[in-house]
Amino acid sequence: MHDTISSSQAPRAIRALPEDISGLAVFLDIDGTLLDIAPTPEAVIVPPGLPQALERLSARLDGALALVTGRSVETVDRLLETAGIAVCGLHGAEQRDAAGRITRPETTEAFERARALLRNRLALLPGTLFEDKGAAIAAHYRLAPDREGEVRALMAELAREVGESWVLQQGKQVVELRPRGRDKGAALTAFMAVEPFRTRRPLAIGDDVTDEAMFAAANGLDGLSVRVGDDGRPSLARGRAASPAAVRAWIARVAA
Ligand SMILES: O=P(O)(O)OC[C@H]1O[C@H](O[C@H]2O[C@H](CO)[C@@H](O)[C@H](O)[C@H]2O)[C@H](O)[C@@H](O)[C@@H]1O
């Protein structure tokens, strides 16, 4: 049974990112964890050397490294050149293992109508941004925070129209419709059932509400969970890291 979040619940132990990674399997979120938050999804900056550092980290872990993100696998590959690293995209719904096998959810006619509608409606709301992720769609309002109410109402309307197979996902100044049934916790659990993850202890690192399922799954396997940044929101993570820069510095150290 997974933990649940309560504002009165203190983390059981406060830990920083571990300097000894032997025996660990590492699960890394991307936006707000590995990369600094940027004004738009395409404006993120991948610091020079980061893809190579991730490859070194994966090698140090004998392949037991997975990127677990709300982005699509295709976008992750383009941004981070991660072809040799396992990736789980769309908050758990889309997967590519370290051997390169990709699993993608199907869409429906109703979802395709919602995709077109969202694209058109957001074009009429200046400052908002449509993100097409294949089997998930996102409405961003970071550049137009006053539009939050309209964006939420629109996404709730689309959620009713697409039916039970998709679910609303809140994020950092974004509302998404993602496939129902597999979250980041299920993704971590599935990785941990197979090689090269199976015999290791999970370490989940993330910053956002969608990462809480991953923290719960890692905690449930007697693993480690580390939250990046702190906006005051209660979290199941048992450890803290200050910022994406601190996570990148840790990767550089432990992968060296
Ligand atoms: O699970 P993650 O890897 O953390 O991905 C979550 C979402 O991240 C992206 O949006 C967020 O980051 C953008 C770039 O910094 C920022 O502009 C936006 O406001 C944030 O919500 C991404 O665009 C989404 O698809 C991911 O689901």
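The protein chain falls into domain 1 (24-104 + 182-255) and domain 2 (109-179), with bounds that come from an automatic or database domain assignment. This is a predicted model, where local features need pLDDT of at least 70, side-chain atom pairs count only at pLDDT 80 or more, and totals for chains, interfaces and linings use all residues. Residues are numbered from 1 along each chain as its sequence is written.

**How the domains meet**

The centres of domain 1 and domain 2, taken over C-alpha atoms, are separated by 24 Å. Across the boundary, 17 residues of domain 1 are in contact with 16 residues of domain 2; contact here asks that two C-beta atoms, placed from the backbone, lie within 7 Å. On the side of domain 1 that touches domain 2, the residues divide into six nonpolar, six polar and five charged. In this scheme Ala, Val, Leu, Ile, Met, Phe, Trp, Tyr, Cys and Pro count as nonpolar, Asp, Glu, Lys and Arg as charged, and the others, Gly among them, as polar.

**Around the ligand**

Now to the ligand: both domain 1 (24-104 + 182-255) and domain 2 (109-179) give residues to the shell around the ligand, so the ligand lies between them. Of the 25 residues around the ligand, I30, D31, P41, T69 and G70 come nearest; a residue is near if its C-beta atom, placed from the backbone, lies within 6 Å. Helices (H or I, at least four residues) and strands (E, at least two) are DSSP runs, numbered from the N terminus. By class, the shell has eight nonpolar, eight polar and nine charged residues.

A residue is called buried if 20 or more other C-beta atoms lie within 10 Å of its own, exposed if 12 or fewer, and partly exposed in between, with C-beta atoms placed from the backbone.

| Helix | Buried residues |
|---|---|
| α1 (residues 50-60) | L54, L57 and S58 |
| α2 (73-80) | V73, V76, L79 and L80 |
| α3 (residues 109-123) | F111, A114, R115, L118 and L122 |

An α-helix has 3.6 residues a turn, so residues three or four places apart point the same way. The buried residues of α3 pack against β6 (129-132), β7, α4 (148-162), β8 (166-171) and β9. Turned away from that side are the exposed residues E109, E112, A116, N120 and A123.

For α1, the exposed residues Q52 and A59 sit on the other side of the helix. Its buried residues are covered by elements including β1 (24-28), β2 (65-68), α2 and α7 (244-255). After α1 comes D62, whose phi is positive, near 50 degrees.

The cover over the buried residues of α2 includes α1, β2, β3 (86-89), β4 (94-96) and β5 (102-103). Just after α2, E81 takes a positive phi of about 50 degrees.

**A residue of α6**

Finally, have a look at E212, found in helix α6 (residues 212-220). With 25 C-beta neighbours inside 10 Å, E212 counts as buried. The C-alpha atoms of E212 and S235 are 6.8 Å from each other, although the two residues are 23 residues apart along the chain.

Technical notes:
Expected span 1.5 Å × (residues − 1).
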